Amino acid sequence: MQLTDTQPEGELALGGIEALAEPKRAERWMRPVEILAAGLLVVMIVTVLANVFFRYVLAKPLIWGDEVASISFIWMAMLGAALAVDRHEHMRLTVFLPLLPERLARVAEVAGQVLVCVLLLRLLPVAVEYAYEESFVRSPALGLPMSWRASALPAGIGLMAVLAVISVLRSREWRIIAATLAVTAAAVALMWFARPALLSIGNWNLPIWLGLLVAVLLCIGVPIAFCFALGTLAYLTFASHAPIFVMMGRIDEGMSSLILLSVPVFVLLGCILDATGMGKAIVNFLASLLGHVKAGMSYVLLGSMFLVSGISGSKVSDMATVAPALFPEMRRRGHSAPEMTALLATGAAMADTVPPSIVLIVLGSVAGVSIAGLFTSGFVIAMVLLVVLAVLARWKARAEDMSGVRAATLPLIGKTALIAAPALVLPFMIRSLVGGGVATATEVSTIAVVYAFVIGVVLYGGIPVRRLGTMLVETAAMSGAILLILGAASAMAWALTQSGFARDLMAVVTGLPGGWVVFMLASILIFLILGCVLEGLPAIVLLAPIMFPIARGLGIHDIHYAMVIVTAMNIGLMAPPIGIGFYIACKIANVPADQVMRRIWPYLAALLVGLLAIAAVPAFSTALL
């Protein structure tokens, strides 16, 4: 659901979570929307940079800067979500549809698209009402009606509704469309008449609407964000007294936290990394340093994933950078393609806690955990997993053919080090600025983008102007898809919390024998499964507000618990047959998934050993705080 990230986190067509690699623009009239979304992204970055300059250089902070950035951000997010609909880039589970007979799969797919249209058309008047109500509130610095920012919600939902309806009509599956609408209308009428009975069963409604319904929608290929929104809408309509209006407020809040401004900026940073070749420079340097030892190329692959992840924050960008540079030489030394792909996938899971990590930023936002602390701990946790994978790689390479392999000369090492040095500065700059409290994650992300852009232009050959525009549009679309998931998941998490589920769960967990140990093991299992099915971001937004208070009540440190659940999710992300990251790696390496599936289990087992060590020894997570 990192979906999605120069190419969307979650990009694949083989199964798992689908966000198509090649954007398929459906409407030419969306071109102005692309330009506007890209422009808003630039405005947001420039505003944050101006904030940094005025605060740290002139000691005169722009009191209106956050408001301008916030308005630009929510509009960019909603227009980006519409672009993701237009480009078919919303993340969805596609592993089950191919298992159905062809006609039945088509029926399920079209029915899912019709349900998305129904959802958007139902939410549109609510969004309009929400924007109108916000007009009575004024922003503190600029004195603008808050409807200026809230109007992004009806604008984005309306645009998505138009695109979704056009897509359904173009399918020309009139019988499926009519049957879906008829069945939906009948089901709504039946549930409405049964509402008193549903209200009487209390929290048993949760597994019906937020469990079973969402699971069915996921299985028929409805994008994740719309699955969450449909489940929440059904629950609030038929099983609670809460107005739908509240749902819109929670979507807004889930999408527009100022901490999340760094998400699109780090996505853009991944695009710049890919376009300038900075990541490849790091790979070449490590190859010259370690390539001559046994298992050396495996070490280079893992080290490259570690360092490149510290620049882009995106698993897809990391794997797409590292694989083409290393696989030819690894193949020459006797590594099989499935084995290399398995190491690539698990290496990406290992490196996902290296800052800047979009998952850590989102977790800090929704759970109220220090992002500086998460960034500091993330380095150590990734090192623990790196060591575990490196030990396994060395054992597997005991029969590696090293004939003809020579150590690189000192001049060559020096040359590659000189070329890579400006790129190597980035991950450590990001870590030190955020961890040292010098700047926020959002401010650091914009500084890193400017640094990478300038260095890329001056030292790495630059970026073509046409490519720059494409990068901005890709960033807006991918960010919109991610943020819409966060908004919908926030609404669903609110429904879970308001139902009393969190209180009941806490009572059950605290009553279990074994205390924090049993809770930690249960958390690992839960997030391993959710990592397979939902991808990291929606799983975090759904459960972090519920699980973190329980962990605190049991005396578990926030940072320690965060590292355990993020690592568990990353392992689940790479676990076949559902894990999204597994299929991303297979697609990037162009290796059949069934071949990789047989080779990845030892690496996943090694990661699990590392995870259990991290869970059992809190010092791994907290020693450097």
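Buried means under 20% relative accessible area. R195, at 18%, therefore counts as buried. The model is predicted. The chain has 625 residues, and 59% of them count as buried. Its secondary structure comes to 27 helices and two strands.

**Overall form**

- A compact globule with 625 residues would have a radius of gyration near 25 Å. The chain has 24 Å, which agrees.
- Along the principal axes, the C-alpha atoms fill a box of roughly 75 × 55 × 55 Å.

**R195**

- R195 is found in helix α7, which covers residues 195-200.
- Leaving aside neighbours within four places in sequence, R195 is in contact with T237, F238, S240 and H241.
- R195 and A239 are 44 residues apart in sequence. In space, their C-alpha atoms are 6.6 Å apart.

**E173**

- E173 sits in the loop between α5 and α6.
- The relative accessibility of E173 is 17%, so E173 counts as buried.
- E173 is in contact with R103, R106 and V110, leaving aside neighbours within four places in sequence.

**M78**

- M78 has its place in helix α2, residues 65-86.
- M78 counts as buried because its relative accessibility is 1%.
- Not counting residues up to four places away in sequence, M78 touches A152, L153, G156, I157, M160 and M255.

**Aromatic pairs**

- The structure holds seven aromatic pairs.
- One of them joins F53 and F54. Their ring centres are 5.9 Å apart, with 85 degrees between the planes, and the pair is edge-to-face.
- F53 has a relative accessible area of 42%, so F53 is partly exposed. F54, at 30% relative accessibility, also counts as partly exposed.
- The rings of F519 and Y561 have their centres 5.5 Å apart. Their planes lie at 20 degrees, so this pair is stacked.
- F519 lies in helix α22 (residues 515-533) and Y561 in helix α24 (residues 558-573). The pair therefore ties together parts that are 42 residues apart in sequence.
- Both F519 and Y561 are buried.
- Ring pairs also bring in F548: F519, F548 and Y561 are linked into a cluster.

**Largest pocket**

- The largest pocket has a volume of about 730 Å³.
- The pocket is lined by 24 residues. Closest to its centre are L115, T184, A187, V188 and L213.
- Four helices each supply at least two residues of the lining: α3 (102-134), α6 (174-193), α8 (205-219) and α9 (224-239).
- Helix α6 gives the largest share, seven residues.
- By class, the pocket lining has 20 nonpolar, three polar and one charged residues.

**Largest cavity**

- The largest cavity has a volume of about 110 Å³.
- The cavity is lined by 14 residues. L123, I157, A229, I251 and L484 are the closest to its centre.
- The elements that give two or more residues to this lining are α3, α5 (152-171), α9, α10 (244-256) and α20 (465-498).
- The cavity lining divides into 14 nonpolar, no polar and no charged residues.

**Links between the topics**

- Helix α3 supplies at least two residues to the lining of the largest pocket, and α3 also gives two or more to the lining of the largest cavity.

How values were computed:
Residues numbered from 1 in each chain as written. Predicted model: local features only at pLDDT ≥ 70, side-chain atom pairs only at ≥ 80, totals over all residues. Heavy atoms only, no water. Buried < 20%, exposed > 50% of the residue type's maximum accessible area, 1.4 Å probe, protein only. Contact = heavy atoms within 4.5 Å. Phe/Tyr/Trp six-rings, centres within 6.5 Å; stacked < 30°, edge-to-face > 60°. 1 Å grid on protein atoms, 1.4 Å probe; cavity = no way out; pocket = protein on both sides within 12 Å on 5 of 7 lines; lining within 4 Å. Points joined across faces, edges and corners; volume = space filled by probe spheres on them. Nonpolar A, V, L, I, M, F, W, Y, C, P; charged D, E, K, R; others polar. Rg over C-alpha atoms; globule rule 2.2 N^0.38 Å.
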